[in-house]
Amino acid sequence: MDFDALFSEQLDALKAEGNYRYFAELERQCGKFPRAANHHADGVRDVTVWCSNDYLGMGQHPKVIAAMCEAVERCGTGAGGTRNISGTNHDHLLLERELADLHGKEAALLFTSGYVSNWAALSTLGSRLKDCIILSDAGNHASMIEGIRHSRAHKVIWKHNDVADLEEKLAACPANAPKIVAFESVYSMDGDVAPIREIVEVAEKYGAMTYLDEVHAVGLYGPRGGGISERDGIADRITLIEGTLGKAFGVVGGYITGSHALCDFIRSFASGFIFTTALPPAVAAAARASIRHLKESDSERLRHQQQVARLRAALDRAGIPHMRNPSHIVPVMIKDPVKTRMLANYLMDEWGIYVQPINYPTVPKGTERLRFTPSPLHSDEDIERLVAALSHLWKQCAVAHAVA
Ligand code: PMP
């Protein structure tokens, strides 16, 4: 059988609908973020990155780099095993204690990524709690959806951020079945924020546990970077907080935090924890340095919010529509996959501005967009240049539209 022909058939279909995924071959340059080198067919070019999830540039912070280098010198590279078979290093436990403290919880558990943490925790909870029902926000991330699916627990989807709909669906569940309300704080593609307090109150009313993904909020919100739940003073009422070390903390890895019993339960039963090599100790040390820095220092968060506000104001002045939301994520809707790619190519080729087109299945079809993520390290000039480029594009599109 010609398997390559079978593969190509589906890949060609993706290309025809404009949803084939291309990526830029970047070479990050230490100390120069948001500048990076872009390797392409004709050579290498310096670009300004406008779509990184290293939201605060912590991936190049001197303290984080020093911690990683020190730990590599001290421990070497890999962890040498799964967490249960020789792979648990002192640095992993220090990091888990740091994370528990960050969210005010008894315990924390590390995973190799945020994706794995959601997948492993939800699939374990949903499969091992007898008759469990998982109530999942309609906007939840693929990692939560896959974890729930794998658990084979009964799943009920509630309307995105709609507390009345959640309550209606909770009320319809059997009173004595274990229930989990799974949702996010900052939604990554629209940048909207969940009404966490109201959700927690409804969940408590029906005796449900709360599972909150703070992947796009940890490090960025709250006086110590504990996320929206810390900012809103509600973290202590959330059963499980999940996060990543790969975005605002600038490294890689994922985690859950909660009670001792909860973390011990996941540790003891989750295949995504048990059967995979532990994170390198140097990654744990770097992540811990990043978290510790952001617990103490507010300046990155303040400057981040400032640059987000500057970008939004500049877009408004230029008449470029962008999605209104209360977070740091600035989506500009294009609503067509081919046009989104064309605009992104133009920004890259003509202006050296890199923003990845966001297409299906990351977002629903018809909601394709450019998703800008300003950082504290983008200068005012970077913002002006981006908005100048977009204004130029908008005028050209208007002209093209008028001619057509
Ligand atoms: N949850 C959400 C909401 C996400 O957007 C992502 C990644 N984009 C993840 C979890 C997975 O995190 P990680 O990148 O650390 O695997």
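This is a predicted model: local features need pLDDT of at least 70, side-chain atom pairs count only at pLDDT 80 or more; totals for chains, interfaces and linings use all residues.
**Note on the sheet, its helices and the cavity**

1. By class, the lining of the largest cavity comprises five nonpolar, five polar and one charged residues. The structure holds one cavity of 30 Å³ or more.

2. Which residues line the largest cavity? They are Arg 83, His 92, Leu 110, Phe 111, Thr 112, Gly 272, Phe 273, Thr 276, Thr 277, Ala 278 and Leu 279. Two elements, β4 and α11 (271-274), each supply at least two residues of that lining.

3. Now the sheet. Seven strands form an open sheet with mixed pairing. The strand order is β4-β10-β9-β8-β7-β5-β6. At the edges are β4 (107-111) and β6 (154-158), each of which pairs on one side only. From one strand to the next, the twist averages 20°.

4. Strands β4 and β10 (residues 254-258) run antiparallel, and five bridges join them. Ala 107 has Gly 258 of β10 opposite. Helix α4 (residues 90-103) packs on the sheet here, touching β4, β9 (240-244) and β10. The direction of α4 makes about 125° with that of β4.

5. What lies across the strands toward β6? Helix α7 (residues 163-171) lies across β5 (133-137), β6 and β7 (179-184). Helix α7 runs at about 150° to β6.

6. Helix α7 also packs with helix α8 (residues 196-205). Two packed helices are described by the angle between their axes and the distance between the axes. For α7 and α8 the angle is about 10°, and the axes are 10 Å apart. Angles under 35 degrees count as roughly parallel, so α7 and α8 are roughly parallel to each other.

7. Which residues make the contact of α7 with α8? From α7 come Val 163, Leu 166, Glu 167 and Leu 170. From α8 come Glu 198, Ile 199, Val 202, Ala 203 and Lys 205. By class, the residues of this contact divide into six nonpolar, no polar and three charged.

Note on methods
Residues are numbered from 1 along each chain as its sequence is written. Side-chain values use heavy atoms; hydrogens and water are left out. Two strands pair if DSSP finds at least two bridges between them. Helices (H or I, at least four residues) and strands (E, at least two) are DSSP runs, numbered from the N terminus. Axes are lines fitted to C-alpha atoms, for helices over the stretch in contact, and angles run from 0 to 180 degrees between N-to-C directions. Contact means heavy atoms within 4.5 Å. Angles under 35 degrees count as roughly parallel, over 145 as roughly antiparallel, 65 to 115 as roughly perpendicular and the rest as oblique. Ala, Val, Leu, Ile, Met, Phe, Trp, Tyr, Cys and Pro count as nonpolar, Asp, Glu, Lys and Arg as charged, and the others, Gly among them, as polar. On a 1 Å grid over the protein atoms alone, a cavity is a set of points where a 1.4 Å probe fits but cannot get out, and a pocket is an open set with protein on both sides within 12 Å along at least five of seven lines; lining residues have an atom within 4 Å of a point. Grid points are joined across faces, edges and corners, and a volume is the space filled by probe spheres set on the points.
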